[in-house]
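Here is a short report for a reader new to this structure. It starts at the ligand and then turns to the packing inside the protein.

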Amino acid sequence: MTTEQTELARLRERIDQIDRQLLALICERAKCAQSVAEVKMRGNSGQDVVFYRPEREAQVLRKIMHENPGPLSDEEVARLFREVMSACLALEAPLHIAFLGPEGAFTHAAALKHFGHSGVCLPHYAIDEVFREVEAGSAHYGVVPVETSNEGVISHTLDVFVNSPLLICGEVEVRTHHFLIAPEQVDAADIKVVYSLAQSFSLCRQWLDERWPGVERIAVPSHADAVKRASERQDAAAVAGEHCARLYGMKVLAKNIEDHPDQIARYLIIGKNSAPPSGDDKTSLMVTIRDEPGALYKMLGVFHRQNLSLTRIDSRPALSGARRYHFFVDFIGHKDLPEVGAAIQELSRDALDVRCLGSYPKGVL
Ligand SMILES: C=C(O[C@@H]1C=C(C(=O)O)C=C[C@H]1O)C(=O)O
């Protein structure tokens, strides 16, 4: 054996040893999670046990990222542990997650990023359908978009909250990278047509104009549709999200082709329960106020006095009754904090209605 071969054999033996240790530790962790499930069942006499603990999962991931010695990036180690937790939780009770489909959409990527691959993710074709599935108990949790790079705030999601009892128990952000992809057998030089969502074409317009000027662009209803259409031809490509490209095993012709990279979309996790404090949380309120001079100024004054930092504010006209607005306000802090309680109390004095839509851990990954 050459010295390199000896060195390689030695390193591989060490890797095998480590894998054996990792396997034993992962199995031990899984057994611990099973015991946690038993304790939770005993505590609730088996009734309505909530196995999934978003605040605990956020704490586990934050600790891992904080203690990560490298060389793997914080995001990479957290992603690995995300999957370990997902598998452990599936032993307690496999989660059913409804998301705004179709499969391959960015919302699907958000669901997998948040819950890992051991949950059962089911696509639905309208935002209110996702809410209905969770309300009816057919899914434990739902994932809906609230802000995307191409459409801004998703007002439909906000409108559905007005009449839904569901609460926000998490948030997740996804980088909306777009890939130019094609079926394996298609040669880049033969491409005459590109399929995608109209919004994705506008996000990648400059890039497509410069690199593929003569190629026809055909808008279809989803990235999955674009991939399907491209697969049926020998001269077509698709522009789709990174997750969609991987899901359908397409050949990647170019990565991150969006004109403004680092675009981020934000998704909400909805369920029947809010989350206890994780140490780094957000709260979402829906404040309904009369449309009169100074009303918004007064409302914002409350957050200023309580020293609460707002991260978003959106308004929607109330459908039931003129001259009323729902303000959707997100800020840093959990509803159990005294200053948040004081703000809610103070807001309730002037507003027509104040509803807490939930407190939840700030997105970790
Ligand atoms: C193990 C628990 O249950 C679930 C699984 C977790 C894990 O694998 O670390 C964390 C939180 C819960 O979603 C727990 O509550 O600690």
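Predicted model: local features only at pLDDT ≥ 70, side-chain atom pairs only at ≥ 80, totals over all residues.

## Around the ligand

An N or O atom in the Arg29 side chain is 2.8 Å from a ligand oxygen. For Glu57, the distance from a polar side-chain atom to an oxygen of the ligand is 2.7 Å. A polar side-chain atom of Glu92 also lies 2.7 Å from a ligand oxygen.

## The largest nonpolar core

The largest nonpolar core has 23 residues. Leu95, Ile97, Phe115, Tyr141, Val143, Tyr267 and Ile269 touch the most other members. At least two core residues come from each of β1 (96–100), α4 (106–115), β3 (141–148), β5 (167–175) and β11 (264–271). Helix α4 gives the largest share, five residues. Domain 1 (1–93) and domain 2 (96–176 + 263–273) both contribute, so this core lies between them.

Tyr141 has contacts beyond its sequence neighbours, among them Val50, Tyr52, Leu95, Phe115 and Ile269.

## A second core

A separate core holds 21 residues, including Val134, Val144, Ile154 and Phe328. Val134 is also one of the residues that Tyr141 touches.

## One side of helix α9

Helix α9 spans residues 223–231. Its buried residues are His223, Ala224, Ala226, Val227 and Ala230. They cover an arc of only 160° around the axis, so they sit on the same side of α9. Their cover includes α4, β6 (178–182), β7 (193–196), α7 (198–203), β9 (236–241) and α10 (242–247).

Note on methods
Residues numbered from 1 in each chain as written. Heavy atoms only, no water. Core = buried A, V, L, I, M, F, W, Y, C linked by side-chain atoms within 4.5 Å. Buried < 20%, exposed > 50% of the residue type's maximum accessible area, 1.4 Å probe, protein only. Helix = DSSP H or I, 4+ residues; strand = E, 2+ residues; numbered from the N terminus. Domains from an automatic or database assignment. Contact = heavy atoms within 4.5 Å. Arc of directions from axis to C-beta. Polar contact = N/O pair within 3.5 Å; in protein donor to acceptor, adjacent residues only side chain to side chain. Lists of a residue's contacts leave out its neighbours within four places in sequence.
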